[in-house]
Amino acid sequence: MRVYISVDMEGVAGVVHEDQTDPIDPRHAGEYNRSRRLMTAEANAAVEGALAAGAERVLVNDSHWRMMNILAEELHPAAELLSGGPKAHSMVEGVELGFDAALFIGYHAMAGVSPAIIDHTYTSLVHEARLNGRPVGELAINAALAGTYDVPVALVSGDQALAAEARDLLGPSVETVVVKHAVGRFAARSVAPAEACRRIREGAAAALRRSHTPWRLAAPIRLEVDFTLTQMADMAELAPGSVRTAGRTVTFTHDDYREVFRAWRALYNLASVE
Ligand code: ZN
């Protein structure tokens, strides 16, 4: 069995604020470096669960911000680490190499959900993203790309809002590991990191012993992105093939989700150009 693990930081136990997930501002380096250790420990717990279920190959993809967060020197020796960027498939880079299942660790709810720790969808520029009319977050956007390569999402870990989003999207077969209960955007009641790792390890092993169905969208696949400001849509609509469908909204439609994902990356990156 080959297991793919995408690891974000906002959904890690003990992490509640953007100051703790910010790799850029040196004022936050102390908190950020603590979060890196917590993130690495949860990634390793997922690796251990995968190995317990019989995995022979495990790839860990660093999926947060600049994607250089996981401490390589502390990585479980049975796993490979994919880090750095830009990566064409971003949070699910490497999933195209062929895997039996994916685990999404440290994930968070889509923009606009409350209470949920640091709810957002890739960037603060996105007010709402929709796929075939359904509001989606990083979970769905990445699960759909994994589904394109026949890889189902077997487990997600994060707060209770992410767990609800996962059950709603993927149905009851997905294992949801709740490591904290958000009480606001920047406040949560969290289990201890060691307990979070135990839940992830046991959840991953249990999830990988069940079968799961890849999540796919029916063609034609329509992506709609509502940006927070119209000037962002002014830039995003320059992406070839995209259509401005409302003041804040740019739409892209294609039968192949891999093209839709490319458009998604292009749209929100263009929107960030001032
Ligand atoms: Zn992140």
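Between domain 1 and domain 2, about 860 Å² of area is buried, and carbon and sulfur atoms give 71% of it; buried area is the accessible area (1.4 Å probe) that two parts lose on being put together, summed over both. This is a predicted model, in which local features need pLDDT of at least 70 and side-chain atom pairs count only at pLDDT 80 or more, while totals for chains, interfaces and linings use all residues. Residues are numbered from 1 along each chain as its sequence is written, and side-chain values use heavy atoms, with hydrogens and water left out.

**Domains**
- The protein chain is assigned domain 1 (2–123 + 137–208) and domain 2 (221–271), with bounds that come from an automatic or database domain assignment.
- Domain 1 gives 13 residues to the contact and domain 2 gives 6 residues, where contact means heavy atoms within 4.5 Å.
- Taken over C-alpha atoms, the centres of domain 1 and domain 2 are 26 Å apart.

**Salt bridges**
- The whole structure holds 21 salt bridges, each a side-chain nitrogen of Lys or Arg within 4 Å of a carboxyl oxygen of Asp or Glu.
- Between domain 1 and domain 2 the count is 0 salt bridges.
- D100 and R2 form a salt bridge, with 3.3 Å between the closest N and O atoms.
- D100 is in the loop between β3 (79–82) and β4 (101–105) and R2 is in strand β1 (residues 2–7), so this pair ties together parts 98 residues apart in sequence.
- Strands (E, at least two residues) and helices (H or I, at least four) are DSSP runs, numbered from the N terminus.

**Largest pocket**
- The largest pocket has about 720 Å³ of space.
- On a 1 Å grid over the protein atoms alone, a pocket is an open set of points where a 1.4 Å probe fits, with protein on both sides within 12 Å along at least five of seven lines, and lining residues have an atom within 4 Å of a point.
- Grid points are joined across faces, edges and corners, and the volume is the space filled by probe spheres set on the points.
- The largest pocket is lined by 29 residues, of which W65, H120, Y122, T123 and Y268 are the closest to its centre.
- Its lining has 9 nonpolar, 11 polar and 9 charged residues; Ala, Val, Leu, Ile, Met, Phe, Trp, Tyr, Cys and Pro count as nonpolar, Asp, Glu, Lys and Arg as charged, and the others, Gly among them, as polar.
- Helix α6 (residues 257–271) gives the most to this lining, with 3 residues.

**Backbone details**
- G85 and P86 are joined by a cis peptide bond with omega of about 0°, and P86 is in the loop between β3 and β4.
- W65, in the loop between β2 (57–62) and β3, has a positive phi of about 50° although it is not a glycine.
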